[in-house]
Amino acid sequence: MEKVKQKDLILYSGLIILGLAAPYLFSAFKVQLTYLCVLIVLAMTWNLQGGEMGYNTFGNILFYGLGMYLTASVQVGMFFPLAEWTESGGEKTFVHTTAQYFQGIGVGLLVSAIIPAIIAGAIGYAILGLRGHYFAICTLGLGIAAGEIAGGIEIIGAGQGFTTPPFPAEIVDTEARGKFFYFLSFALLVGTFVFVKYIYGSRFKLILNAIRDNEDKAEAMGIQTMKYKIVGWMCSAFFCGLAGGIMGGLIGYIDSTDVAFDGREMGVFMVLMAILGGKGTLWGPVIGATLFHFFKEGLWTLILGWQYVALGVLIVVIVVYFPEGLMGWLREKYPEKFGEVIDDKDRKAQVELK
Amino acid sequence: MNKLAKLFVTFISAITLALVSFTSSFAKVEGEYIVLGSAISLTGKYSSNGVHTQNGYNMAVDRINKMGGVEVQGKKYKFEIIYYDDESNPKRAAQLAERLIKQDGVHYMLGPYSSGLTKAIAPVTEKYKIPMVEANGASRSLFTKGYKYLFAVLSPANQYLEVAIDLAVEKNGGKGVKIAQAFEQDAFSQDVRLGILDAAKRTGSEIIIDDKLPKELNDMAATLAKVKAVKPDVLVVSGHTKGALTAIRQISEMKVDVPMLAMTHCDAAKLSKQHGKKSEFALCASQWHKNLSYKDKFFGSGKKYAKDFQKEFGYDPPYQSAESSAALLVFKDAFERANSFDRDAVRDALVDTEMQTFYGNIKFGPGGQNVAKPMILFQVRCKGDDCENRVVAPTKWASDKFYHPIPKWSERS
């Protein structure tokens, strides 16, 4: 492990303290903060493919949705017959005890991390040979197909949707649920960040970059690109699945196309956030997601009915003025802050040449 | 990194400040206003019905406020509603419910549009013990979850088209019929389907086509082609407004002959206006019709409500608007009987609700659903090019006889 610089240490500990204190400081905003954590996780994991590897995937929503259904199914299925829980009309209602609820969600989250990762491996093996638009379109199809398929499976509620187990009634504190999901998502965020930061300091990231910059050359240099592409995708799937599992429990109701395999919103948002912040950077997706979330929560309701128009304008502005995202823009403006050395003579020479 | 770190710190502290200054929440009752909250679908696939719902709410708020408001402990209060757009998305709806309660300090909620969104919001209102009177979530599973703070002024979804099957069997001389059905993949339509399954079992009818339609549907030609081939006695379609519009459009294009066509959401889709004669003979389930003889002192009769609504918003009120208006009347009544703003007192008053509104009688069953009001069926009938919805069942309010079977397209002018 390389030594962490002191300034970084201050920054990180500050952020962690802020994160831990947030639900107490902004008690009313717990749910939004939970969303923020999940959005950042999604943006960061998307960035691994879209930013570092150069594979624009719309398929990460698949793992998010899978995680959601898996967590809820395991949480119910461990203690009660799942089919009867989701059965049309829901005549029978089972109640989880406090212990059952937490055991269920714990095991459920574990499953929701592992299975999507395995599925990512299997699907990746099949389709990561595709490149460019072909890969993008193919993954777009994956998310849509998953939504339609999930909407037809009776045991997970089909078109009726799946009501996840309610938070145990024995816990009287109405704030407990919000805190529980917030800390869960914050832990996931910290975990994801540490993992991605670790990758950023590793050879693995360089390989992903090599694949992005010129896959054939990378291959020619003896890198088994396929292997790395699959592993990269599996890592993303792992965290996306967890994010989905937490969101399912928080929302309390899973609908196949609108909540779980929500490619139209979450699927697009994760791409947008990463690009807004600057893809291919560590902090870009974090900043992008944060800004996006604030924009959405703050302005959305002020412009009722026009919010998607505003979003469209935002996308245009990002693409036209910040094609490299905020971090990319900063990097261009203050290259020395990013550890890039610029030879002034060289720059002048270039200007003169033009 | 130094400058960047500073930038970051500034950014974070700016956000912190903004949030802290934001946290001061409103009160449930502000001055002379009782603040209600609602997430409504103003955009997305339910936007047309969301607007019907909102218009219904607004109409009732105006009317109640104009007629003296709500009297609690000798003081007059007015209603005010905080709206957010849930984008027809359950995830967003749940988040907004949380926001209304936690940040805007709303203590009483009005329902969103559609069963799916109500299902997403109900756990939130339940958690914070916020009474919610909803007018557009009919899915039966809403009423079997043991929710204590959920009250619905409408009849459950499975009752929507059961009567239609009974009618078909009756016309068939008491023998079972062959049913073809196609339902959208959403909580509401799937519940309507359950009602049909029950009715089929009860009457010994046979279901020969049982299709699922995608959300956002705009094509059901595959189902209709099958219908053409197997010739069922009844075709049942449910898929909110788009489902009704798509069905009529394609049935007339493909000239599908079926003796009976039963649907939902005909009036919300303004079928008789949009498709005119093509929609004739369609049988529709409805929570309400303006010709029913219910009355109250705010809106008078259904006909008067329809007239006022037409004047205000420029179209005939679908039942979605009427039931939404009724939700406000229920709230007003409950506040006055509770004579308090205590949430639990209001909730207890809601449990004891027993009243008549222009929309129908309202009395809540143990699950929170309205048990005092039957569903009605109307049929689209045309005179020349002028089409309108006529009530055909139940017989108590029927203004017209049920026309059966639907003439073949080759015989229709």
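Helices (H or I, at least four residues) and strands (E, at least two) are taken here as DSSP runs, numbered from the N terminus. On that basis chain B of this predicted model contains 12 helices and 18 strands.

**Overall dimensions**

Chain B has 413 residues and a radius of gyration of 23 Å; a compact globule of that length would have one near 22 Å, so the two values agree. Along the principal axes, the C-alpha atoms of chain B fill a box of roughly 75 × 65 × 40 Å. Buried residues make up 56% of the 413 in chain B. Of the contacts in chain B between residues at least 6 apart in sequence, 68% join residues at least 24 apart.

**Domains**

How is chain B divided? Domain 1 and domain 2 of chain B are each assigned two stretches of sequence, as tabulated.

| Domain of chain B | Residue ranges |
|---|---|
| Domain 1 | residues 29–155 + 292–363 |
| Domain 2 | residues 159–286 + 375–411 |

The C-alpha centres of domain 1 and domain 2 of chain B are 29 Å apart. Contacts between these domains of chain B involve 19 residues of domain 1 and 15 residues of domain 2. On the side of domain 1 of chain B that touches domain 2, the elements giving two or more residues are helix H2 (47–66), helix H4 (115–127) and helix H11 (319–338) of chain B. By class, that side of domain 1 of chain B has 6 nonpolar, 10 polar and 3 charged residues.

**The seven-stranded sheet**

In chain B, 7 strands form an open sheet with mixed pairing, in the order E9-E8-E10-E11-E12-E17-E18. Which strands of chain B lie at the edges? They are strand E9 (206–213) and strand E18 (386–393) of chain B, each of which pairs on one side only. From one strand to the next, the twist averages 25 degrees.

Strands of a sheet pair through backbone hydrogen bonds, either parallel or antiparallel. Strand E10 (residues 234–238) and strand E11 (residues 260–264) of chain B run parallel and are joined by 4 bridges. Within this pair, Val236(B) has Ala262(B) in E11(B) as its bridge partner.

Which helix lies across strands E8, E9, E10 and E11 of chain B? Helix H6 (residues 187–203) of chain B does, and its direction is at about 165 degrees to that of strand E8 (178–184) of chain B.

How values were computed:
Residues are numbered from 1 along each chain as its sequence is written. Chains are lettered from A and ligands numbered from 1 in the order in which they are written. This is a predicted model: local features need pLDDT of at least 70, side-chain atom pairs count only at pLDDT 80 or more; totals for chains, interfaces and linings use all residues. Two strands pair if DSSP finds at least two bridges between them. Axes are lines fitted to C-alpha atoms, for helices over the stretch in contact, and angles run from 0 to 180 degrees between N-to-C directions. Two residues are in contact if their C-beta atoms, placed from the backbone, lie within 7 Å. Domain bounds come from an automatic or database domain assignment. Ala, Val, Leu, Ile, Met, Phe, Trp, Tyr, Cys and Pro count as nonpolar, Asp, Glu, Lys and Arg as charged, and the others, Gly among them, as polar. The radius of gyration is taken over C-alpha atoms; the globule rule is 2.2 Å times the number of residues to the power 0.38. A residue is buried if 20 or more other C-beta atoms lie within 10 Å of its own, exposed if 12 or fewer, and partly exposed in between; C-beta atoms are placed from the backbone.
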